[in-house]
Amino acid sequence: MAHVIERMAYSSLIRESEDLGAGVFNKFGHTIAEADSTPMQLGCLPGYIQGFQSVLGVNIHPGDIIWNNDPYAGASHSPDIYAEGLIMNGIKFYEKGVRNETVAEIVRQNVRTPREVLGDLEAQVAGCRLGVKRFVELMDKYGKDTVLQASEELMDYSERVMRQAIAKVPDGAYEAESWLDDDGRNLGKRLRVHVKINIEGDELEVDVSGSSDQTPTAFNASYSGALCVSVYSVLRSIFLDTAVHEEFIPPNHGTFRPITVTARKGCIFNPIKPAATFSRANQVNTVADLIIKALAPVLPEQTCAGSSANIQFASYAGLDENSDYWVYIEVNEGSYGGRPGKDGMDAMDFSSWNTRNNPIEDLDMHKPMVCDRYELREDTGGAGRWRGGLGIVRKNRMLTDGFMTMEGDKHTVRPWGYKGGLPGNSASLIKNPDTNPEHLSSKLNGYTLIAGESIMVLVPSSGGYGDPLDRPAEQVYEDVLDDYVSEETALRDYGVIIKNRKLDLEASIENRKKLREKRGKVELYTE
Amino acid sequence: MAKAKLAVDVGGTFTDIILICEEKNTFTVHKVPSTIEDQSIGVVKGIEEICGNANIPLSDVDYILHGTTVATNITIERDGATVGMLTTKNYRDILHIARHKKVENFSIQQDLPWQSEPLVKRRHRLPITEKLSAPSGEITTPLKEEDVRAAVQQLKDSDVDVVIVCFMFSFLNDVHERRAKEIVNELWPEELCFTSSEVVPQIREYERFSTTAMNAYVAPKVSRYVDHLVDSLERIGSKGKLHIMQSSGGMASVEMATATPVTLLKSGPAGGILAAVRWGELDNIENLISVDIGGTSADISVIPNRTAKLVNSLDATVNSSPVLTPMVDVETIGAGGGSIAYVDSGGAFRVGPKSAGANPGPACYNQGGQDPCVTDANIVLGRLDKEQFLGGDLNIDPELSFKAMERLAKQLNMTTEEAALGVLKIINNHMALSVRASSVKKGTDPREFSLFAAGGAGPLHAVDLADAIDSKSVVVPTYPGVAAAIGLLVGNLKYDFIKSRVASSENITEEVISTINNDFEGLIDKAKTQLKKDGIDSKFIVIERIAECRYVGQGIELRVPLPEGELTEDSMNEIYNNFHKVHEQEYGHHFSDTHVQIITLRVIGTGQIPSMDIPKLESGNRDNPKEAIAYVRDTVFEIDGVIKRLPTPRFKRDKLLAHDMKNGPAIVVQRDSTTLIPPNWEATVSIYGTLLVSAKNITIETEQ
């Protein structure tokens, strides 16, 4: 199904970034199978189905293609194709195989690029039809009962594997908390994010009720489409890490049966209608990071130190020399904390985000904007036995007047270090860094920029894992040769003596011994 | 007419050699163990032996056609050259950041090879002050030559093996890269140096730099290997030309192969694809899916209209690094004779990707392997006979297969036969999924394709696999076990020359057209010069011109063939119109009112090598010919859900003649492979000895 949608889609976002989800579900909206595309699209699909069922009840027939993009009924966020958003739930785009031209016309009149949007919709219709056809073929070949029984067994199987993995964790409540910078309007007022994980036997509850109340801005995350997706995604990454598990565990409803996600009504993760829910990435990524943090002491081999837990989602726009409107959208990545046996991943979207960056050469060729710098942030990863991943620094310069919008966070929080590892570095956003530096807040809406002005985005570098004094001096030296770590940091954080790119191993050993005695026992978390 | 041709294909376990001589109408096949530490030892040994066996002096061989994994192995072992890089200041980490996309969606512990084992370490990526602007390519910051000199000195002190120069926007203007290279040559004359604009002058910095780095990474070792092989061949009296298979399915001369060794990364699988194409031509079959099943993996490739498909440049990667050279589209999955069957901790019945490989191998190899493998399942079901393992040269113990399968069956609460059939069902399903992914995703319907069964285990599984994907027929070539080597025999010399040139349909001027004409002239000249240098007569040179286009704003280009003759305004419009058609074919829709951009100009120069046909068979025209039957044994099949044990004749492949017909159930045995024809299927032999297997009542359309 995903193959068909990808091939037929009009939007390059769908085609090139695989920004789509597809799956097969039973009548309860339980996932039988899903495509391996963007994680932030997966796992939210059952919510969409339960959402339209609440409207249509049993009025559902073969050949119906049903529309649902209501963030209060399962959708991940209000649509990003047009700002206000046309929200429909339980509306039949096709009824018993016949297209509802009224719905098509409503879409045509409400979007900026009707041909592309309708083209993408038809691609989705083709994907659905193929899914139905293949599933019916399966039933013809093996019999309906066998197929439905087999899909139950597949769910039971995934459930068993997930339960086995959860059961290995000692029963108990595990908590962690962190902060979001602000809601974009009330600057300086930080918002609490709190995660409590209750484990009993082979069942797990994630409760975020202790988090801040919903905000008056669009900085709210929907419960099913945003929060649950993020929770499922990170729990899968911890318990069924695909790089570690030899077997492919079919991702289906069974995986999530042992998991409950709780969010107090009215909190930032379960807002009361009609609160706006456009920006959700930073909140749910923070939850994912806190789940890792809460579980790290009991699952040290399956977790990592504090990560960027962010997304810095920038959009730049203006009018070019022909007075044509241009817009450029950029997802600025983050990084991952140090891991048991590996340094953290550098320059990478966190958790359920996994986008692709745009070639700079393509950008500069086609937009009146120049990327003047795109590099790792040297010497910023949290020190540790396993170093925190490095974020990036990116500088974009406007060639026309225009404005920018930024959905960012983590200007006020540093990714935490684990078991003696040191914290990483927070994000920042600086206007005109070379001429007249001005620190901007993490969220901007229609912020004016004039031709020649620059914006520098610095994304968080992550926390270290384990005691920096345990990192072999030779490995610290390698880092210094690569300029990942400066000679000063090597001395201060690692106790390793390097002068003029020469390692003094004996003096380092002596120095580290002294530091270890002086310092005593390390903390579990550093922030 | 060529006197004789040799094809040498080096695989992980065996080096396959074929000697074909048209004069004497002979076709000789030979296998020697591969010598991994230096592939040329096995190659030379095998060549000497086959010439002896066939009684043809090596000096009579005009062409030695070679498929090698030498470049691929360097990338797998990660033991390539130490590379130094001069790159534009402020963009030092393009290779490290890559496209900031994780390999695995759901994994915290995953490894990112481009960060943990980079092609160029950060300490060797040295920033140089310089910058060009886009789209003009004008200099905005002049090259600071002191930076280059200091960097070269630093790389010299670090003793790197190769230097690459990778500057931003060099696809628009190579002036800074060229000047930097001049300085490298001046300060360090003996050092190998490549610029990104000579290796692949194409837009997209990460992909271009990565390709250039990969080229440098494999270059010294590949050159050493090729030089050594050339010397060794001369020493044993070879007078023929050595051609090496490239990832594109075209061959390269020694000179070109060593100049851009990055083109050899997929040399191995390309041969098999050419073989499938060749059989499509011989037996007149339009659409094929090639399935090459070996001991640990299966290579799957969809070949519509007898044309090998190239990987879309956005997806062309080698060991997680993008490589912008044309590559035949082959999907490799972990499924083969050595794939292990087991029950996992969740109680699921699994087969592969864990593999027992060749050592210890399946249980029946009696080398200590306890796990039941796919090969064991075939033995249990009577589909593989003890005496057919390399014609009986490999000593196996079927009893061990039964014991291993019984253990598995007990865990699953099944009979041994049920478990064995289950193993095959699962492994065939894995392959069917991969076939669907490679075909449906690209807009082709696998049901309209015939399967081309290659590799030792291909013909054993192909019919069941065809059944799983609703394909109607299976093509089993004469020597399925050495298909890749046969493909080498039909390879032509083929080189791509490209130039970046951005031209939008909204602004077609005389000046643009004449620039493009000049560009093409230059590229064609390069192609012809090289092919002539390789000894190709100009009447055997074929030139193809391509414009790589996209809609403004799209992230990927599609290839549009050019109209004949010098470009005019009309033909420019024809290019843009053809792009709409190509887009329609590829994605099912097009935007006729959106501007089209040419991004890259490409010339493919082909130097045709005299082709050689494989010998034809005499006509037999027999039904189930008794004289070709070696023996009859019981074989287990599942028919409409019922397990049946049927007496099944074993036909000797070399006793079959053209137009012979066999009804399933039947098995055809030969030294390098076994073909299974289940009940409800039948096979005929073509005049080239090909087995054409189809469901009863459906015949493959052929000329004969």
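Modeller: Chain B is divided into domain 1 (4-74 + 223-264), domain 2 (79-217), domain 3 (493-607) and domain 4 (626-695), with bounds that come from an automatic or database domain assignment. This is a predicted model, in which local features need pLDDT of at least 70, side-chain atom pairs count only at pLDDT 80 or more, and totals for chains, interfaces and linings use all residues. Residues are numbered from 1 along each chain as its sequence is written, chains are lettered from A and ligands numbered from 1 in the order in which they are written, and side-chain values use heavy atoms, with hydrogens and water left out.

The centres of domain 1 and domain 3 of chain B, taken over C-alpha atoms, are 34 Å apart. Nine residues of domain 1 of chain B are in contact (heavy atoms within 4.5 Å) with eight residues of domain 3 of chain B. Between these two domains of chain B about 730 Å² is buried, 53% of it from carbon and sulfur atoms; buried area is the accessible area (1.4 Å probe) that two parts lose on being put together, summed over both. On the side of domain 1 of chain B, Met251(B), Glu255(B) and Met256(B) lose the most area to domain 3, together 50% of what that side buries.

Glu255(B) also forms a salt bridge with Lys533(B), with the closest N and O atoms 3.0 Å apart. A salt bridge here is a side-chain nitrogen of Lys or Arg within 4 Å of a carboxyl oxygen of Asp or Glu, and the count between domain 1 and domain 3 of chain B is one.
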